[in-house]
Amino acid sequence: MRSLTDFLAGLPDIMPIKTRKLVLEGGVLSKAERADIYMRERNWLDLVLEVGPDAAAAILSAYKDGRLPMKRGCTPTDAPEAEAYLAEGDKLREQLAERRRREQAVKNPSLILERDLMDHPLIDSVFIANIGTGSGSMVIAGITVHKQVIGYKSNSGKSTGWRVRFDWTGSDGQPRHSETVPPEADNRRNDPDRNWGLHE
């Protein structure tokens with residue numbers, strides 16, 4: 001998915017700031033087309049907007065019709081970058097459908113597929129939404145998945161990092177796992193071989 005900013009940059013000679021505002025707030029897009037502009041799937045601090053194929057087609061049409069703010073003395077011309085993006089419409093729709101499935105799967109684990117089990121952040125979100133933040137087990141995609149949460153104190157003892165591990169046996173009979181290990185796990189305070197951080 002391309003960001004809205006990048007897509008607009010592929011429309012020669014528009015006034016990008018005014019065009020962006022018009023696209024997001026004005027009458028260039030219908031309500032349904034405006035709904036095809038999404039927050040990028042990263043984290044809550046990421047404010048980048050991505051443009052789906054329906055919104056992109058409407059923006060390109062508005063550009064060709066001369067309905068977008070243009071630089072002085074300029075008129076619409078060929079926009080090969082925007083056209084190339086629209087040519088990927090079917091692929092983009094598949095990506096969006098997959099994104100929606102994964103978003104909905106957090107509260108509806110029946111939508112999880114076995115291949116999703118290796119997506120540690122997604123499975124952690126599923127566990128947190130359905131059984132809370134601690135250790136536990138769930139049947140996901142017909143497979144029993146065990147979650148283990150272990151806390152590691154910082155050397156100062158003022159904060160805790162959490163190791164989160166998922167274990168399961170795949171449909172092929174192979175044991176699998178995924179985990180995240182916090183930096184605190186390597187601290188002297190958490191290492192018996194270094195005397196648990198005590199002065200010698």
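1. In this predicted model, strand β5, which covers residues 143-153, pairs with strand β6, residues 160-169, in the antiparallel sense, and eight bridges link the two. Within this pairing, histidine 146 stands opposite aspartate 167, the latter lying in β6.

2. The pair belongs to an open sheet of four strands, arranged in the order β4-β5-β6-β7 with antiparallel pairing. Because β4 (136-140) and β7 (175-180) stand at the edges and have a single partner strand each, one side of each is left without a neighbour in the sheet. From one strand to the next, the twist averages 20 degrees.

3. Helix α7, formed by residues 120-131, packs on this sheet and touches β4, β5, β6 and β7, while its direction makes about 110 degrees with that of β4.

4. A separate point concerns two helices, α4 (residues 53-64) and α5 (residues 80-87), which pack at an angle of about 150 degrees with their axes 10 Å apart. Since angles over 145 degrees count as roughly antiparallel, α4 is described as roughly antiparallel to α5. The crossing in which α4 passes α5 is left-handed.

5. On the α4 side, the contact between these helices is made by Pro53, Ala56, Ala57, Leu60 and Lys64, and on the α5 side by Ala82, Glu83, Tyr85 and Leu86. Sorted by class, the contact of α4 with α5 comprises seven nonpolar and two charged residues, with no polar ones.

Definitions and conventions. Residues numbered from 1 in each chain as written. Predicted model: local features only at pLDDT ≥ 70, side-chain atom pairs only at ≥ 80, totals over all residues. Heavy atoms only, no water. Pairing = 2+ DSSP bridges. Axes fitted to C-alpha atoms, helices over the stretch in contact; angles between N-to-C directions. Contact = heavy atoms within 4.5 Å. Parallel < 35°, antiparallel > 145°, perpendicular 65-115°, else oblique. Left-handed = near helix turned anticlockwise from the far one by under 90°. Nonpolar A, V, L, I, M, F, W, Y, C, P; charged D, E, K, R; others polar.
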